[in-house]
Amino acid sequence: MDSSRSTKHLAAIVVLCLALGACASPGPVSSDRSVATAQDPLSAWTETAEKQAILEFVDRVTVAGSSDYLARRDRVATFDVDGTLACEKPDYMEVAVAAARLCELANQRPEDAQTSIDQAACDGDFAVLDAQVEEVLLEAFADEGQGFYTRYVERFLATARHPRFDRPYGQLAFLPMLQLVDFLRENGFTVYLVSGSQQGFTRSFGASVLDLPPAQAIGHAVELSFSAERTDPLIRQRSFRPPSVDGAGKAEVIRQRIGRRPVLAFGNSMGDLEMLRYATGGEGPSLGLILVHDDPREYVYEDQELIDHAESFGWQIVRMKRSFAEVFPP
């Protein structure tokens, strides 16, 4: 986790930009995958065994007459978001969104009415925010309509710039992963996002970055109440609804929301273990993949426990430094 003076300074600029409305007007996040071709739909991947395993798996389950052929209704793929599809450092994007909103609210109150998390939000002090992360996520948008939250996330993704990469957060999805999602969809897969981040964030990310419909984005649900007096009637409360979309909760929510067992799952942390085991524990064809962050072009960190499980279960271990010819879209 980066906590340098420059990171805090840039985080404060992000907050100020959003608060003053000075950022560029939000538009659709760039989805240019023009480097991909029909001959090589995964052109941002290097020629590794992992890439070949993906191509061979898709071929096996989509070619009529194959012994592993799957009908379209059975081609279900689930992806974690933070750290799998997109950069999750120096902190999760949904925490950066909450920090921006908390600082906006703090600037509207007298200084003596501000809290420690207000100050941490304005300073970009993610260590303090992470220590109270549930309160941060809930307080930032408490009593607001859920529509307000999702629109705020869309604006943040389009306008707020990452402190290290100086590009909008919405452009921090990994190009090889964007190509993979496109490739799966072109081959009849239904792709779902299954994230420990809250539902509103996951839906906004899915729509803005991947053009996924809301029904295909699953996240941790905030309690909502209905107010007939509000034009944005679903009002955010200060609690989450169980189960948490993490660990065993991911498998359970997939069962509840999708109703079909995935045949492909991609994650990057132990919070994805049960999702991966659920996807690959059936009798038919399946593919489990994990992403290992070993590349200084992004950030270097690993979940060795998940790597050990991947080796044990025969999942594909995608090492970013070796497998990603490019990291972010141009």
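1. Basis. Residues are numbered from 1 along each chain as its sequence is written, and side-chain values use heavy atoms, with hydrogens and water left out. Because the model is predicted, local features need pLDDT of at least 70 and side-chain atom pairs count only at pLDDT 80 or more, while totals for chains, interfaces and linings use all residues.

2. Overall make-up. The protein chain has 13 helices and 9 strands; these are DSSP runs, numbered from the N terminus, with at least four residues for helices (H or I) and at least two for strands (E). Of its 330 residues, 53% are buried. Buried means under 20% relative accessible area, exposed over 50%, and partly exposed in between (1.4 Å probe, protein chains only).

3. Nonpolar cores. A core is a set of buried Ala, Val, Leu, Ile, Met, Phe, Trp, Tyr and Cys residues joined through side-chain atoms within 4.5 Å. The largest has 74 residues, and Phe-79, Leu-180 and Phe-205 have the most contacts inside it. Helix H3 (residues 93-106) gives the most to this core, with 10 residues. Apart from it lies another core of 20 residues, among them Val-76 and Ile-218.

4. Phe-205. Leaving aside neighbours within four places in sequence, the contacts of Phe-205 include Val-81, Met-93, Leu-157 and Leu-210. Contact means heavy atoms within 4.5 Å.

5. Aromatic pairs. Rings of Phe, Tyr and Trp (its six-membered ring) pair if their centres lie within 6.5 Å; planes under 30 degrees apart count as stacked, over 60 as edge-to-face and the rest as tilted. By this rule there are 13 aromatic pairs. Phe-148 and Tyr-152 form a tilted one, 6.1 Å centre to centre with 40 degrees between the planes. They are 4 residues apart in helix H7 (residues 146-159), so about one helical turn separates them. Phe-148 is partly exposed at 24% relative accessibility, whereas Tyr-152 is buried at 3%.

6. A pair across the sequence. The ring centres of Phe-165 and Phe-328 are 5.0 Å apart and their planes at 65 degrees, so this pair is edge-to-face. Phe-165 lies in the loop between H7 and helix H8 (175-186) and Phe-328 in the segment after helix H13 (320-323), so the pair ties together parts 163 residues apart in sequence. Both residues are buried.

7. Arg-60. This residue lies in helix H2 (residues 49-62) and is partly exposed, at 34% relative accessibility. Not counting residues up to four places away in sequence, Arg-60 touches Ser-66, Asp-68, Tyr-69 and Pro-285.
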